[in-house]
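Q: Hi! I'm new to this one, could you walk me through it?
A: Happy to. Let's bring it up.

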Amino acid sequence: MSAADDLSGLRLDPGDALFLDFDGTLAELGPDPDAIALPPGTAEALRALAARLGGALALLSGRDIRDLASRTPDGLWRLGGHGLERMAPGTPPPRMPAPLAETVLAPLRAATAIRGVRLELKGPVAALHFRAAPGAEEACLAAARAAAGRAPDLVAQAGKMVVEVKPAAAHKGTALRGLMQAPPFAGRRPLMLGDDTTDEDAIAAAQDLGGIGVKVGTGESVAGLRTPSPATVRDWLRREARGITGS
């Protein structure tokens, strides 16, 4: 194995609360975000773990919540837009909120003139993907900074081959802390698994609350634990799910 897998020795306790990113954590990243799906068996493991944890399992993603809902099991908590929107288990997705103003979007639209750059609109969040055009990183970062400067309370945040313009309130750490104050999460030990820049905020929040943070993949992180890939995350989820039926 190319990197340490701290998940090999980590066991979930029934009193834990589990938070998981989607892209790069549960499913591998790919050139087309629309083509990403949970691999076979993952949804079943997530449902089983949610039952073991009394419902205290949440997917915390930068995806639009309506998109996230279409790719993940209905019986889970799901938070989209980096925590801007929340769905309790069994509830329908909320209506799409108003998009960013066209004056904000203009620099981002201009950047799509670069071959391979793709603009994704997620209500009040906009993302420039340049996985198919890695040489366009600086141009995309500049476009995002220009866009964020055109309205108050917007920030530009870079991730893995993507840069987003979003409200400052779209913050995974804030979202995790908020959910930890409500049933069925309150009073539990939080565990957060994530791979990207925005996940670092939630990892830090989980650790500040006395919990555990797990960095998926390589790169600098505040997380106390690491695991190499989404495949090792899924192996851990399936192992913990099997522990339910064997107990």
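This is a predicted model: local features need pLDDT of at least 70, side-chain atom pairs count only at pLDDT 80 or more; totals for chains, interfaces and linings use all residues.

A: Strand β3 and strand β4 (residues 85-87) run antiparallel, joined by three bridges.

Q: Which residue stands opposite E85 in β4?
A: That's G80.

Q: And what about the hairpin of β3 and β4, how many residues sit between the strands?
A: Four, and in this hairpin G81 has a positive phi near 60 degrees.

Q: Which strand pairs with β3 in the parallel sense?
A: Strand β2 (residues 57-60) does, over three bridges. Here L60 stands opposite L79 in β3. Together with helix α2 (residues 65-71), β2 and β3 form a right-handed β-α-β unit.

Q: Are the faces of β3 covered or open?
A: Both are covered: W77 and L79 are buried on one side, and R78 and G80 are buried on the other.

Q: New topic: where is D153, and what is its phi?
A: D153 lies in the loop between α4 (137-148) and β7 (154-159). Its phi is positive, near 65 degrees, and it isn't a glycine. Most residues other than glycine have a negative phi.

Q: Is D153 buried or exposed, and why?
A: D153 counts as exposed because its relative accessibility is 62%, and the cut-off for exposed is over 50%.

Q: What about M161, where is that?
A: M161 is in the loop between β7 and β8 (162-167). Phi of M161 is also positive, near 60 degrees. With 25% relative accessibility, M161 counts as partly exposed.

Q: Last one: which peptide bond is cis?
A: The one from P183 to P184, with omega near 0 degrees. P184 belongs to the loop between α5 (172-179) and β9 (189-194).

Methods:
Residues are numbered from 1 along each chain as its sequence is written. Side-chain values use heavy atoms; hydrogens and water are left out. Helices (H or I, at least four residues) and strands (E, at least two) are DSSP runs, numbered from the N terminus. Buried means under 20% relative accessible area, exposed over 50%, partly exposed in between (1.4 Å probe, protein chains only). Two strands pair if DSSP finds at least two bridges between them. A crossover is right-handed if, with the strands pointing away from the viewer, the path from the first strand over the helix to the second runs clockwise.
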